[in-house]
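Student: I would like to learn how to read a protein model. Could we go through one together, question by question?

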Amino acid sequence: MKKLLFIAMLCSFAFAQVFAADKEYNVDLVIVGAGAGGLTAAVSAQEKGLSTVLLEKKPAVGGTGNFMEGTYAVESFMQKEAGVKLTKQQAFNEVMSYHHWKSNPRLVKAVIDQSAETIKWIWDHGVHFEEVKTAWLNKPNKTWHIFPESGSNYIKAMVNIYTSKGGTLLTETPGKKLLLDKNGAVTGVIAENEDGEVIQVNAKSVILATGGYASNLEMIKKYGGPESLPTVLGSYGDGINMALSVGAALDGMGPLMLNGAFMLAPGEAICNGKNAELRAMFRQSLLYVNSHGERFFNEEVTIDWPLASNAISREGKFTYVVFDAETLKEFQTKGYLNGCGNWIKRGQPMKKFDQLFPENEKKGNAFSGKTLDEVAKKAGFDPEAFKQTAKEITKYAKQGKDERFGKNPRTLRAVEKGPFYVLKGQLHHLTSLGGSRVTEHLQVVNEQGNVIPGLYAVGGDAGGMYGDSYDLTIAEGAASSFAINGARLAVKNIVATGK
Ligand SMILES: Cc1cc2nc3c(=O)[nH]c(=O)nc-3n(C[C@H](O)[C@H](O)[C@H](O)COP(=O)(O)OP(=O)(O)OC[C@H]3O[C@@H](n4cnc5c(N)ncnc54)[C@H](O)[C@@H]3O)c2cc1C
């Protein structure tokens, strides 16, 4: 097997040498993918005097980086000003403990240690965070540094700095293949542009930053991931597969950053689109039922969406949120019980129900009925099971005590006054979590644990930060932090070692 792999690598090397490229670049560094990680690496490299080519598959840059709301850091100047006491060492212990020490400890430590300085670096590059906050009620450790409006402002700033400093950005030019020399060191990338021209970029180092494999349903299945829909399309596993083709080991493949259930609304991510007010109902910790009409978890957990997703995933393809006319009135007058990202705020009244609900009823995403029987029939529940569920939750709401799952009375609501409303949802994910196995310097390693010279992977292309779920409760914004800090650490190592 090893012999075959070696022959395949040599073939790939031979291919690189005999293949006539239409265009050729000779640089210090080539980065594949111009999202959060790739652009951060590009600016860092350019500022350190490394000649750089940045390849992007799509016409526009940013990838899922455009959607980031906030990023994780510990001991930042903003946290100090806000009186946050959490130390880097405490944060490291929390993260490792959350992931049951399945993560790569040196990598986690390096990212956390770098994170405060990165907040200052971003600020000094003109991107001024709105605040440092937490989405949790009563949590003292604010770690989520909120980008002004959204991550797209960070992306815009990075691309402007990079190109104004002379960096080469090639859009609609996906990286396809890694080049190897006879010693097994990576020496560049073959890409192809929208005109079908072959672009050969020879470089001392390559950083893979293609965002993982969240859009590749076959890969998700292959690595044992759950049935879930990608929130944003764009990352198909190109970077991970390129690394595999040169012998990379993998780390933590399978788990996704599951984001809970939402009703289908193409083009909308979480609560950032037209249907935000209705999609936010999936984050209110109201009654959830499965396709039989039975309750299956403590819905308070919906705000810890990676964990709620595990409960939802057990119940099959669809899940349903249920509320009655009384609860609807409460939301329309007193507002939402929980926020949904930074788009819907806690206490914000719902205004567009009368327009959005009928529109979604027509699409089969929503059901209403004057009686429990009527709505159960429309939604496909077992009417008896559903009526029993409604009776039970109403009893718990009235007595202020959930005898089944112990939900906080703050979000316990009766389901007894018609009309009754049901929203149908499916599990979605934001990103994949595992990738190539890397060192604390983000160098890709092979199955023997040896560094593949010249090859780095960051963000969604790298593994080692997580166990089986995203660590939202303790490290809000960890994914972007891993991409951005990892990119800076990779470039630091390239500058220090020359490759
Ligand atoms: C809706 C949403 C909200 C989010 N909110 C947050 C948040 O608040 N905080 C947080 O920490 N994280 C958040 N995330 C996750 C965060 O956006 C990602 O973790 C982060 O952007 C990963 O950076 P990346 O560079 O690995 O990938 P991306 O930023 O996705 O960039 C990958 C880039 O590579 C390009 N590409 C793919 N294949 C190729 C190829 N073959 N050649 C060239 N280019 C290629 C893609 O087109 C894309 O531009 C969110 C994600 C989503 C979807």
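Here is our conversation about this structure.

Tutor: This is a predicted model, in which local features need pLDDT of at least 70 and side-chain atom pairs count only at pLDDT 80 or more, while totals for chains, interfaces and linings use all residues. Residues are numbered from 1 along each chain as its sequence is written.

Student: Which residues belong to domain 2?

Tutor: The bounds come from an automatic or database domain assignment. Domain 1 is given as 2-255 + 433-497. Domain 2 is given as 258-429.

Student: How many residues of domain 2 are in contact with domain 1?

Tutor: Two residues are in contact if their C-beta atoms, placed from the backbone, lie within 7 Å. The centres of the two domains, taken over C-alpha atoms, are separated by 36 Å. Domain 1 brings 16 residues to the contact, and the number from domain 2 is 18.

Student: Why is H5 called roughly perpendicular to H15?

Tutor: Helices (H or I, at least four residues) and strands (E, at least two) are DSSP runs, numbered from the N terminus. Axes are lines fitted to C-alpha atoms, for helices over the stretch in contact, and angles run from 0 to 180 degrees between N-to-C directions. Helix H5 (residues 105-124) and helix H15 (residues 478-497) have axes 9 Å apart and pack at an angle of about 90°. Angles under 35 degrees count as roughly parallel, over 145 as roughly antiparallel, 65 to 115 as roughly perpendicular and the rest as oblique, which makes H5 and H15 roughly perpendicular.

Student: How many charged residues are in the contact of H5 with H15?

Tutor: Ala, Val, Leu, Ile, Met, Phe, Trp, Tyr, Cys and Pro count as nonpolar, Asp, Glu, Lys and Arg as charged, and the others, Gly among them, as polar. Residues of H5 including Val 111 and Gln 114 meet residues of H15, among them Phe 482 and Arg 488. The contact has 5 nonpolar and 6 polar residues, and the charged count is 1.

Student: Which element gives the largest share of the shell around the ligand?

Tutor: A residue is near a molecule if its C-beta atom, placed from the backbone, lies within 6 Å of it. The ligand is surrounded by 43 residues, and the closest are Gly 33, Gly 35, Gly 63, Gly 211 and Gly 459. By class, the shell has 16 nonpolar, 22 polar and 5 charged residues. The largest share, 5 residues, comes from H15.
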